[in-house]
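Biologist: I am new to this structure. Could you walk me through the way its parts meet?

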Amino acid sequence: MTTGNWWASALSEAVNNKKPLAVACDGEELALFRDASGRARALEDRCPHRRVPLSLGCVVQGGLQCGYHGWTFDGESGACSDIPNLHGNERVPPRHSARAYPTREADGFVHVWLGEGEPQGTLPSTGYQPVGREYSGSAIASVPHDEYLAVMLDGPDCLLEFAHVRMTDFFLGDPREEEGCLVLDRGAVWSTQVLPSQFVIDYPLMVRTAVPLRGGMIRVQLLDQEEIPLISLLIGTGGNRRGTTSLCWRGFRHAHQPAKVPLRWRAARRAGCPPFTVKTDIEGAALARLLVAPSRDLRQLRRPSLIPVREAV
Ligand code: FES
């Protein structure tokens, strides 16, 4: 299934010029690698010769070499550039070509255009500008992609947690459309607060989730009472096989520190402990308990049309 969008398919540092990386995104199987110029490339993970996954091969000077019979495919065009053991008067037949996908890099992710023809529009704006140490990872979550996006609005604490912070069920306003995303703010408290969250009136913290109407890049922020960001996080998502979701993420702790902050938060910061955790072992019972509320709007809005996007970095 291709829907004609840019998809953040892998962390930039996971794509190299030695071993191709197999990823699945929005129903497409891809082999990612870097060519001789260092540019990230994406080919369909299927050799046009005998259908062997190209990700089982290796990166060579001319592109990606299949591990079975050694044919090599150019990363930009997908054309077969070399077949071993051809006689001197034989040439590579032009019909042998792997499907190549346009790629771009921004915010530390390799984005792949999964659509027909030339890319339309550009990469979604994220405003991600890390300072200090970044925390990143990738995994496959055992939840279908549409559900993963919906749960990020209905109950993000099922999918991620901020250290020493407790998210509440209380929305701070209605979901709103902003820059191609459905954005929702919910109150949060320090985990050390003894007051039950349902009696809290002024929340010292806010969790802002921005779920895309096209593509799969989720933005999450933990903000203080003045809406100054404490933690920013990007999660690239895409449908994998058998109802699972590919995830790759990166995030960081901002320099700002609110005045009233628990000692354990300060200690964790000094020790360099990860400020957030993206859950990969997702509890089914917790998902089943969630009310379907803001995600109703999301399902309506994730329609097949292109949204305005900014120029790629
Ligand atoms: S299967 Fe790839 S070269 Fe033969």
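This is a predicted model: local features need pLDDT of at least 70, side-chain atom pairs count only at pLDDT 80 or more; totals for chains, interfaces and linings use all residues.

Biologist: Which domains does the assignment give for the protein chain?

Modeller: Domain 1 (5-114) and domain 2 (134-301); such bounds come from an automatic or database domain assignment. Their centres, taken over C-alpha atoms, are separated by 34 Å.

Biologist: How many residues of each are in contact?

Modeller: 18 residues of domain 1 are in contact with 18 residues of domain 2, where contact means heavy atoms within 4.5 Å.

Biologist: And what area is buried between domain 1 and domain 2?

Modeller: About 1,200 Å², with carbon and sulfur atoms giving 57% of that area. Buried area is the accessible area (1.4 Å probe) that two parts lose on being put together, summed over both.

Biologist: Which residues of domain 1 lose the most area to domain 2?

Modeller: Trp7, Leu11 and Phe109, which together account for 37% of what that side buries.

Biologist: How many salt bridges does the rule find across that interface?

Modeller: Two are found across the interface of domain 1 and domain 2, while a search of the whole structure finds 12. The rule asks for a side-chain nitrogen of Lys or Arg within 4 Å of a carboxyl oxygen of Asp or Glu. Among the salt bridges is that of Glu13 with Arg250, at 3.0 Å from N to O. Glu13 lies in the loop between strand 1 and strand 2 and Arg250 in strand 20, so this pair ties together parts that are 237 residues apart in sequence. Strands here are DSSP runs (E, at least two residues), numbered from the N terminus.

Biologist: New topic: how much space lies in the largest pocket?

Modeller: About 320 Å³. On a 1 Å grid over the protein atoms alone, a pocket is an open set of points where a 1.4 Å probe fits, with protein on both sides within 12 Å along at least five of seven lines. Grid points are joined across faces, edges and corners, and the volume is the space filled by probe spheres set on them.

Biologist: What lines the pocket?

Modeller: The lining has 23 residues, with Ala22, Val23, Ala24, Asn240 and Ser246 nearest the centre of the pocket; lining residues have an atom within 4 Å of a point. Strand 2 gives the largest share, five residues. Each of domain 1 and domain 2 supplies at least three residues.

Note on methods: Residues are numbered from 1 along each chain as its sequence is written. Side-chain values use heavy atoms; hydrogens and water are left out. Helices (H or I, at least four residues) and strands (E, at least two) are DSSP runs, numbered from the N terminus.
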